[in-house]
Amino acid sequence: MRQGEVASKGVWKGDPLGGVKAPQALIPPDPATRFARSAARLEALSAGHPMMEWLRFMGQLAQAQHVVATALRPQVEVNLAAVDQAVEARMPPLAADGHRRDPVWRDGLAMLLDEFDRRTIPAPARAVIANLRDLEKGALEALADGFLHGVVAAADAGAALYVAAALQVYFTRLAAGLPATSLRLLPQRGLCPCCGSTPVSGVVTASGQTPGTRYLYCSLCGAAWNHVRAVCITCGETRSLSLKGILGDAGAVKAETCNACHTYAKMLYQARDMKVDAFADDLATLGLDLLVAEGGWARHAPNPLLRME
């Protein structure tokens, strides 16, 4: 008899306190694994993929991010008093559009660009990196502000990709230093409790103490937070949701569409593939985005490494 089952005479078997456990509300990012996991997954998904070369390049970018995330010094200190004030006000303590960035993020960008000196990349990418190195700090900060506010000029799209990647590393390291037990989910449940950014995708778990739980993964800082399933992460509607997928694939990635607000969000299912990665699998399933967009749904929020292209 399994734990929690009732015997024929009504006697409870197993741990009487071991019933249904509440899912962990927030999972902080781990800078030591966040980007390495995405890099490995992108490399694996690229084999035989129609966008093989591009996925491999994005894998190189993720690997460069991993190097910076684990080597960049010093670690930026988190102002715990300010964190407590933000949490009390139900605001994200690292609000991406209002956070005062430490200059160390530019050091991370320089390290990221240096990593590509040792890699084989297309000539246009090499030219973008060379031009980016020549920018003054004021121009770099302006690019960062533009990215975080969702305003990037077409002429800056190439440079913004590397700026976005460096900011992901910076905010991931910051979020990892937050006192997770003190944080609270925001009233706007579709936004990251750490930095207020939108999720890149959601993952429905198949293991751990609460399998079947849905976690949304922040597109900027990499934190994950619990969000009730069968609820639109854009408008909160429950009656107009459906799942869309590509016929004949493994079914690990679906688009959850909402007919109330006409948006969709990517959902990844570990029960179909335990190796799914919220960031890599999103990039590798752009075909699903195209099909759903043709059906009239708009994406809940763009992938930050794609929205400037």
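Predicted model: local features only at pLDDT ≥ 70, side-chain atom pairs only at ≥ 80, totals over all residues.
Residues are numbered from 1 along each chain as its sequence is written, and side-chain values use heavy atoms, with hydrogens and water left out.

Let me start with the charged pairs. Searching the whole structure gives 17 salt bridges, a salt bridge being a side-chain nitrogen of Lys or Arg within 4 Å of a carboxyl oxygen of Asp or Glu. One of them joins the side chains of R214 and E256, at 3.0 Å from N to O. Because R214 lies in strand β3 (residues 214-218) and E256 in strand β6 (residues 253-258), this pair ties together parts that are 42 residues apart in sequence; helices here are DSSP runs of H or I with at least four residues, strands are runs of E with at least two, and both are numbered from the N terminus. Both R214 and E256 are buried, where buried means under 20% relative accessible area, exposed over 50%, and partly exposed in between, with a 1.4 Å probe and protein chains only.

Now to R299, in strand β8 (residues 298-299). The side chain of R299 meets that of D282 in a salt bridge of 2.9 Å, N to O, and since D282 belongs to helix α8 (residues 280-283), the pair links parts 17 residues apart in sequence. D282 is buried, with a relative accessible area of 0%. R299 also forms a salt bridge with D289, whose closest N and O atoms are 3.0 Å apart. D289 sits in helix α9 (residues 286-294), so this pair ties together parts that are 10 residues apart in sequence. D289, at 10% relative accessibility, counts as buried too.

Finally, the helix pair. The axes of helix α1 (residues 34-46) and helix α2 (residues 52-71) come within 8 Å and cross at roughly 165°; axes are lines fitted to C-alpha atoms, for helices over the stretch in contact, and angles run from 0 to 180 degrees between N-to-C directions. That makes α1 roughly antiparallel to α2, a label given to angles over 145 degrees, with those under 35 counted as roughly parallel, 65 to 115 as roughly perpendicular and the rest as oblique.
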